[in-house]
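Visitor: I am new to this structure and would like to learn how to read it. Could you walk me through its features one at a time?

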Amino acid sequence: MLKGLCAALLTCALAGACTVRETRTVVVPAGADTVCQGYGFTPGTTGYDNCVAREADARRRGRMAADYTESALVSDSQAACYSYGLTPGTTPYDRCVSYEINARRYR
């Protein structure tokens with residue numbers, strides 16, 4: 001009986017020693033986190049992660065060309081905000097569209 005108890009304790013000790021703890025570090029581009037939180041996203045959610053990824057991509061691409069039409073500008077901005085999971089007609093969506101238009105506009 002003592003051997004069985006020792007074997008069980010040893011097994012538990014070894015199993016505990018093999019436990020792996022994983023941590024992830026997410027690098028958020030400067031300003032993208034503030035913008036996405038301003039749209040109403042909560043850090044750690046899928047919508048937030050999508051928003052940050054798209055914001056980072058948009059920042060890498062820079063502004064649109066001067067011949068980019070106003071209707072294309074609005075349409076692309078609305079599509080981007082919709083893809084973030086925002087509902088058209090809501091305050092966060094309207095804020096997002098406004099920001100996207102300003103960010104895409106050639107200056």
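Predicted model: local features only at pLDDT ≥ 70, side-chain atom pairs only at ≥ 80, totals over all residues.

Visitor: What share of the residues of the protein count as buried?

Guide: Burial is judged by how much of a residue's surface stays accessible, and a value under 20% counts as buried. By that reading, 22% of the 107 residues are buried. The accessible surface of the protein comes to about 7500 Å², and carbon and sulfur atoms hold 58% of that surface.

Visitor: Now the disulfides. How many does a search of the whole structure find?

Guide: The search finds 2 disulfides. Start with the sulfur atoms: those of C36 and C51 are 2.1 Å apart, and the two residues form a disulfide.

Visitor: Are C36 and C51 buried or exposed?

Guide: Both ends are buried: C36 has 0% relative accessibility, and C51 has a relative accessible area of 0%.

Visitor: Which cysteine pairs with C81, and how far apart are their sulfur atoms?

Guide: C81 forms a disulfide with C96, with 2.0 Å between the sulfur atoms. This pair ties together parts that are 15 residues apart in sequence, because C81 lies in helix α4 and C96 in helix α5. The link of C81 and C96 is left-handed, with -95 degrees about the S-S bond, and C81 and C96 are buried. If you number the bonded cysteines in sequence order, the pairing reads 1-2, 3-4.

Visitor: Let us turn to the rings. How many aromatic pairs does the structure hold?

Guide: There are 2 aromatic pairs. To read one, check the distance between ring centres and then the angle between the planes. For Y39 and Y84, the centres are 6.0 Å apart and the planes meet at 20 degrees, so the pair is stacked; the cut-off for stacking is under 30 degrees. Y39 sits in the loop between α2 (32-38) and α3 (46-61), while Y84 sits in the loop between α4 (70-83) and α5 (91-104), 45 residues apart.

Visitor: And how are the rings of Y39 and Y99 arranged?

Guide: Those two are edge-to-face, with 6.3 Å from centre to centre and 65 degrees between the planes. This pair also links distant parts of the chain, joining Y39 in its loop to Y99 in helix α5, 60 residues away. Together, Y39, Y84 and Y99 form one aromatic cluster.

Visitor: Which of these tyrosines are buried, and which is partly exposed?

Guide: Y39 is buried, with a relative accessible area of 3%. Y84 is buried too, at 3% relative accessibility. Y99, with a relative accessible area of 29%, is partly exposed.

Visitor: How many residues does the largest nonpolar core have?

Guide: First, the general idea: nonpolar side chains tend to be buried together in soluble globular proteins. In this structure the largest nonpolar core has 17 residues, and Y39, F41, Y84 and L86 have the most contacts inside it. At least two residues of this core come from each of α2, α3, α4 and α5, and α5 gives the largest share, 4 residues.

Visitor: Which residues are in contact with Y84, leaving aside its neighbours within four places in sequence?

Guide: Y84 touches Y39, F41, G47, N50, C51, R54, E55, C96 and E100.

Visitor: E100 is on that list. Is E100 buried or exposed?

Guide: E100 is buried, with a relative accessible area of 2%. You will find E100 in helix α5. Beyond its neighbours within four places in sequence, E100 is in contact with Y39, E55, S77, A80, C81 and Y84.

Definitions and conventions: Residues numbered from 1 in each chain as written. Heavy atoms only, no water. Phe/Tyr/Trp six-rings, centres within 6.5 Å; stacked < 30°, edge-to-face > 60°. Buried < 20%, exposed > 50% of the residue type's maximum accessible area, 1.4 Å probe, protein only. Contact = heavy atoms within 4.5 Å. Areas by Shrake-Rupley, 256 points an atom, 1.4 Å probe, with all protein chains shown as cover. Disulfide = S-S within 2.5 Å. Core = buried A, V, L, I, M, F, W, Y, C linked by side-chain atoms within 4.5 Å.
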